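Please read the numbered points alongside the sequence and the model.

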Amino acid sequence: METNNRTYVFDFDSTLTRVEALDILAEITLANNPEKHKIIEEIQNITNKGIDGDISFTESLESRIKLLNAKKSDLNELIRRLKRQVSKSIEDNKEFFETHAEDIYVISCGFKEFIDPIVKDYNIPSERVYANTFEFDDKEAIIGFDSENVLSQHDGKIDCLKNLNLPGEVQVIGDGYSDYVMRKAGIADKFFAYTENVSRDKAIDNADHITPNLDEFLYLNKLPRKISFPKHRIKILLLENVHPDAFERLTDDGFTVETVSRSLSEEELIERIKDIHVLGIRSKTQVTQKVIDAAEKLMAVGAFCIGTKQINLEACKNKGVVVFNAPYSNTRSVVELAIGEIIMLMRSVFARSTELHNGEWNKTAKGSREVRGKKLGIVGYGNIGKQLSVLAESMGMQVYYYDIEDRLALGNAKKCHTLEELLSTSDVVSLHIDDNANNKNFIGEEEIKHMKDGAVLVNLSRGFVVDIPALKTALESKKLSGAAVDVFPVEPRANGSFVTDLKGIPNVILTPHVGGSTEEAQKDIADFVPGKIMNYINSGNTVDAVNFPNIRLPRQNNRHRFLHIHKNVPGIMAKINKVVAKYDLNLTGQYLATDDSVGYVIVDVDKEYNNEVLQALKDIEHTIKFRVLY
Ligand SMILES: NC(=O)C1=CN([C@@H]2O[C@H](COP(=O)(O)OP(=O)(O)OC[C@H]3O[C@@H](n4cnc5c(N)ncnc54)[C@H](O)[C@@H]3O)[C@@H](O)[C@H]2O)C=CC1
Ligand SMILES: O=C(O)CCC(=O)C(=O)O
């Protein structure tokens, strides 16, 4: 048990629990009442007016009890429900209620009948719970409350706290103005507006501190807590119109998230990145060395797409910034677009459609071919190439593929040993190679020469892979009968005007890099990437990181976890262990993952440790980043 000459006075409803208990009681008692919603709304209005001090509390209590029409037996169900509705950060920090049991009080205008059983689980005995009590009739119906209790009176909390005459500094934690009044009256020393469940302007405006959860309260008071750094202090910036689900997932987990619908220029990003802990981007934002140099707090970058060429992965690694992407989420979307475009090109549908848009009826079979039995050449037999192979074959196409790596053929696909072999065989060539810089101008004049006359080319990989002037010439000379291009060597940062040399050429389908832009893909990415980010920030896991040693860590309870990222030079592990030995830490786990340039050590220790150990670990030469998780 610890004490520091301070007492903590907690409100109950919407502070220790996520809800107002009488609202829940109303849901129980009015379950079968046809007027249920109307009555509950009325009760909530009365509750809010009482909390904000707009009507007298006694008046609010009387009116609500009348509307509730509750019985003693309803309280059992209420207690059962409230146990499941304890505020998340209160639940997470149960240890605080154990270590400071002597210093914690509850002063509430709710009722002891349901507060006592809930807070008992948090080590707060009935003697330290100050609240109202119900009055029952002989049939055990709730008919009123003990009107002698000061807490049934307007601003009753003031008298209640005054009567307690608590020693030392008194801190009040609550969501309402009726909690603040104790501070206003000069009986409490500090008022913390607790906004985890509800944000009330009158409380916030008057608070000494606003605490979005108990973590922040404990952090401000330098008290032991479940996580070392409150999550809402971790700032996440999501650019480029990342799907709103990502915002929701990350904010639900407690992070502070900002979104910008477009990509930022290097200068803009340098300015914004300074106080950002996690950056989320898609394919347009360039995370350069200069950006990383300016990123003082950056811990992770999430690429909400497959490609990571836009990120200087080495610069990130050297700064201890872990990068994640979504390698699978949008692959099916790209494949479906490729299939659609192959059919459209082979049938010259866009040419016919454009003519008709311009008022020309041109019913012809010329330049219109089935895909059945045609040869599809897939360049890059990775996650996308392979799926395309399966779908194309199911439409009756003969599939050929070429890859620099050994890739197993799916179905009846045939492997080509050279690019030339594939190009000279295929009626359709579809590019699905990765975004590495060596693939610049991968398809140019020479390669096009090897293609069959009248073949079509589909590029949904990266813009720089195709030499655009060479493609333009081939299309204009009719060497190629069509092309579909989704990606361009230079793409704009935001939606707006855009010009390409391929504009206006018949049977050329142009799309603004939308291969992976489907609702399904974006939703899946918005689930996948935040999951990886949260896993790293919350527990140190680097599984699936693209630039960092991958490590899957076991879950830990009642332990502290130190994360140490350092340059991979000899002797660091020994130095870490020297610190561990010097401060007599009781290790419960130690993990190490390295690559050529960085080492990542995770140290799990028992509850107690000397704070000096943190500085000692930070001070180890070649340390890149160090943080304590919990
Ligand atoms: N248009 C869009 O919206 C989207 C485009 N993409 C792009 O699609 C491309 C493919 O993505 P995934 O299939 O997921 O990648 P992946 O990494 O799974 O597969 C790429 C394959 O290309 C092969 N490869 C690389 N260079 C090659 C070369 N010079 N010659 C032959 N094979 C080569 C690799 O060995 C690998 O098997 C990437 O460039 C990605 O950025 C991905 C998603 C959406
Ligand atoms: O739509 C996006 O954000 C980029 C898609 C893409 O090219 C990728 O995932 O690599």
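How do the residues of the shell around ligand 1 divide into nonpolar, polar and charged?

1. The shell around ligand 1 divides into 11 nonpolar, 13 polar and seven charged residues. By these classes, Ala, Val, Leu, Ile, Met, Phe, Trp, Tyr, Cys and Pro count as nonpolar, Asp, Glu, Lys and Arg count as charged, and the others, Gly among them, count as polar.

2. The model is predicted: local features need pLDDT of at least 70, side-chain atom pairs count only at pLDDT 80 or more, and totals for chains, interfaces and linings use all residues. Residues are numbered from 1 along each chain as its sequence is written, while chains are lettered from A and ligands numbered from 1 in the order in which they are written.

3. The domain assignment, whose bounds come from an automatic or database source, gives the protein chain domain 1 (6–220), domain 2 (231–324), domain 3 (331–517) and domain 4 (551–628). Between the C-alpha centres of domain 1 and domain 4 the distance is 42 Å.

4. Around ligand 1 there are 31 residues, of which Gly380, Gly382, Ile384, Gly515 and Gly516 come nearest. A residue is counted as near a molecule if its C-beta atom, placed from the backbone, lies within 6 Å of it. Helices α17 and α19 each supply at least two residues of this shell, and the largest share, three residues, comes from α19. Helices are DSSP runs (H or I, at least four residues), numbered from the N terminus.

5. Ligand 2 is surrounded by Arg282, Ser283, Cys305, Ile306, Gly307, Asn330, Gly516 and Ser517. By class, this shell has two nonpolar, five polar and one charged residue.

6. Helix α17 (residues 331–346) packs against helix α19 (residues 383–394) at an angle of about 45°, and their axes are 9 Å apart. Axes are lines fitted to C-alpha atoms, for helices over the stretch in contact, and angles run from 0 to 180 degrees between N-to-C directions. The two helices, α17 and α19, are therefore oblique to each other; angles under 35 degrees count as roughly parallel, over 145 as roughly antiparallel, 65 to 115 as roughly perpendicular and the rest as oblique.

7. On the α17 side of this packing, Thr331, Arg332, Val334, Val335, Ala338 and Ile339 meet Asn383, Ile384, Gln387, Leu388, Leu391 and Ala392 in α19. The contact of α17 with α19 comprises eight nonpolar, three polar and one charged residue. Two residues are in contact if their C-beta atoms, placed from the backbone, lie within 7 Å.

8. Helix α5 (residues 74–83) and helix α8 (residues 112–120) pack at about 40°, with axes 10 Å apart. Consequently α5 and α8 are oblique to each other. Their contact is made by Leu75, Leu78, Ile79, Leu82 and Lys83 of α5 and by Glu113, Phe114, Pro117 and Ile118 of α8. Its residues divide into seven nonpolar, no polar and two charged.

9. Helix α13 (residues 244–252) and helix α23 (residues 519–539) pack at an angle of about 30°, their axes being 8 Å apart. That makes α13 roughly parallel to α23. The contact involves Asp245, Ala246, Arg249 and Leu250 of α13 with Lys523, Ala526, Asp527, Val529 and Pro530 of α23. By class it has five nonpolar, no polar and four charged residues.
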